[in-house]
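Biologist: Hello! Could we walk through this one together, a question at a time?

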Amino acid sequence: MEAGKTKVISVLVENKPGVLYEVSNLFRRRNFNIESITVGASEQKDVARMTITVNEDERTIIQVVKQVAKLIDVHEVKELERGNLVMRELALIKVNSPNSKERSDIINTVEVFRGRVLDVSTDSLTVEITGTPDKIDAFLNLMKASGVIELARTGITALARGAKSVRIDE
Amino acid sequence: MTKMSGAKALLESLERQNVKVIFGILGGAILPVYDALCCDTKIRHILARHEQCAAHEAEGYARASGRVGVCMATSGPGATNLVTGIANAYMDSSPIVALTGQVPSSGINSSYVIGRDAFQEADIIGITTPITKYNFQPRTVGEIPTVVNTAFYIASTGRPGPVLVDLPKNVQAETGDVVITDKIEAKGYKSMVEIDLTKISEAAHLLMKAHKPMILSGGGVIISNASDELMQISDLLMAPVATTFMGKGSFPECHPLSVGSIGMHGNPAANRLMSEADVLLAVGTRLSDRATANLDSFAPNAKKIHIDIDEAEIGKNIQVDVGIVGDAQAALKLLLPALASKLRKDESNAWTKRVKEAKEQLSPLLKERPKDLVPKALLLELRKLLPENAIVTTEVGQNQMWSALYFQALKPRTFISSGGLGTMGFGFPASLGAKVACPERTVVDIAGDGSFIMTEQELACSVAEKIPVTVIVLNNSVLGMVAQWQRMIYNGRYMAVKLGKTPDFVKLAEAYGAQGLRVTSIEEFQKAVKTALKSDVTTVIDVPIGSEEDVQPFVPPGCGLPQQRGDY
């Protein structure tokens, strides 16, 4: 993630068909740009957690949060405070590795990044890197020379640190 | 638990919601519901002649009565024809529930099911998601009562708006176990927020210190029935009250403190005073671009207090000093004692004199009105001819802005117009809905010839269903408002605005079995309106006017309210 204006919003929604459309459509209609969006199960049954990153100014973010909060299927929405959150992104990267010299160089780099090699073939390596978006960017930068064949990034998922949870109030 | 069809469960649930009338048009995918309407229901069905009109009729009904309006259509084109009406209700925060038929959600050995591009299939859930508060597609008969209850609850509470219920045909037709209940299921929905009392005292503090307080009253004041509270506060503060276009009627425009509506075609007194005020109390308004004009010169000298039930409206368009989230009436009820305990009414201050003066500057212009049949004279005359509680709807364009400027609304829910979406053709079907809601009252649609043609086929509905209203067609044979813009901003290069030989509206009315009258003088106009008000069929009064008549005054695009040009 760029150090710039990117903000992370955590949204708890009803886990049912159409909700992703409702939320993403709201962003489109209100002219807010989504940088990344991840959706998956939350700690509660029938509730999914969306993590949305947005590159907008503070006033717009306040609007985003208020507009998302209005959606009937949204239980809770909060901007996660910068510096008070943990965030991770996972990337799967297939890299060119035509010979054993290059392969071992890449494997060394993967180890430095605490990544994992998932698949090896005669001329490519597929690796997994997990971390902040900056870390993944840095790894990708180092792979430029070898050549990235395929890349899949999940987008950011995040939680607030410590007691500052985004939960449904019982 | 009882065994019944989905259609029957729907009608019983609607009756439980106190639905008296549905405006609709049937078709293949909604036939089971119409079949159930045949027998044992007290609900009246009014056959619209176009689904768009059914939605506008439901909205007219809702806005005149304060109750939820209901419209119904079949799948596919029936549903998509509702879209303009639903979007209109969404923009103007009107509570309507739209029921649509849908192709079956399942079927054995058939491709007549959702997702297969079946005959008359349209993804109305996807289409209406951005223009409804919520929409439902029940997949089992048993869900229907809760879906209906929740739809009505969401439509009518908080900031009201349209809700759509899409009913797959098999769900209407199948028999299932049904419990008719009052159950509501909307877990993430917060209809009411507790008002922050510290904000109330901050607002009271600002208002008490104000030398030039001003109130801006929006449509939310009408929706929450807050007119009395608003008047008490204005009276206590001796604050002039301007309304937004949607707020017209929330404060009696004959009141000494009323300065009319603000905006692009606002009342000059309202627009002028807005720039002079030192504290502005804006209630139930989203401060739209047409109301505020250029944001930099909107009430530039005023500390701003904004009350709205929709938290997202606070700070959306205008940065405010105090934002109060809550129901307008509830908030004003809290604000009133906070002010009354510390404030003594002062009628002799300089601001009161200034308000009077700003209003008096306009009155000669109103007195020396022309004897000709011009919109201003006609609308001033119309006010005198109509009872105080008559309901007026308008179309969109010049007819609408002239009505805003010159026709005084005296009571809430008596001025119904398409404010946010600006839908030409809204006024006539809305007038029919209003008349159905309030059959004992006079209902008049102020129309232009361009707008009226868009939904004129509802004359058939009005005659067949015996819903008599009066339509006054300000007939200038031109799409007047855009023509005015082409005249003023595009150096008079007219393109696609001249309507040529418009239909003979008298004959048109007669062809539908309605009454048609044409007038060429104020005296004839008076006579025609009196005839129309006594008629038991709808009357269309054709009023030929000049095709180059402008709506004045006018705030040019990009300018602020103080840069208003032209005479009142």
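Here are a few questions with their answers.

Modeller: A word first: this is a predicted model, where local features need pLDDT of at least 70, side-chain atom pairs count only at pLDDT 80 or more, and totals for chains, interfaces and linings use all residues. Residues are numbered from 1 along each chain as its sequence is written, with chains lettered from A and ligands numbered from 1 in the order in which they are written.

Biologist: Where do the buried residues of α2(B) lie around its axis?

Modeller: Buried means 20 or more other C-beta atoms, placed from the backbone, within 10 Å of a residue's own. In α2 (residues 31-38) of chain B, that gives B:Pro32, B:Val33, B:Ala36 and B:Leu37. Their directions from the helix axis to the C-beta atoms fall within an arc of 145 degrees, so they line one face of the helix.

Biologist: Which element gives the largest share of the side of chain A that touches chain B?

Modeller: Counting C-beta atoms, placed from the backbone, within 7 Å as contact, 15 residues of chain A meet 14 of chain B. Elements giving two or more residues to chain A's side include α1 (19-29) and β4 (74-80) of chain A. The largest share, five residues, comes from α2(A).

Definitions and conventions
Contact = placed C-beta atoms within 7 Å. Helix = DSSP H or I, 4+ residues; strand = E, 2+ residues; numbered from the N terminus. Buried ≥ 20, exposed ≤ 12 C-beta atoms within 10 Å, placed from the backbone.
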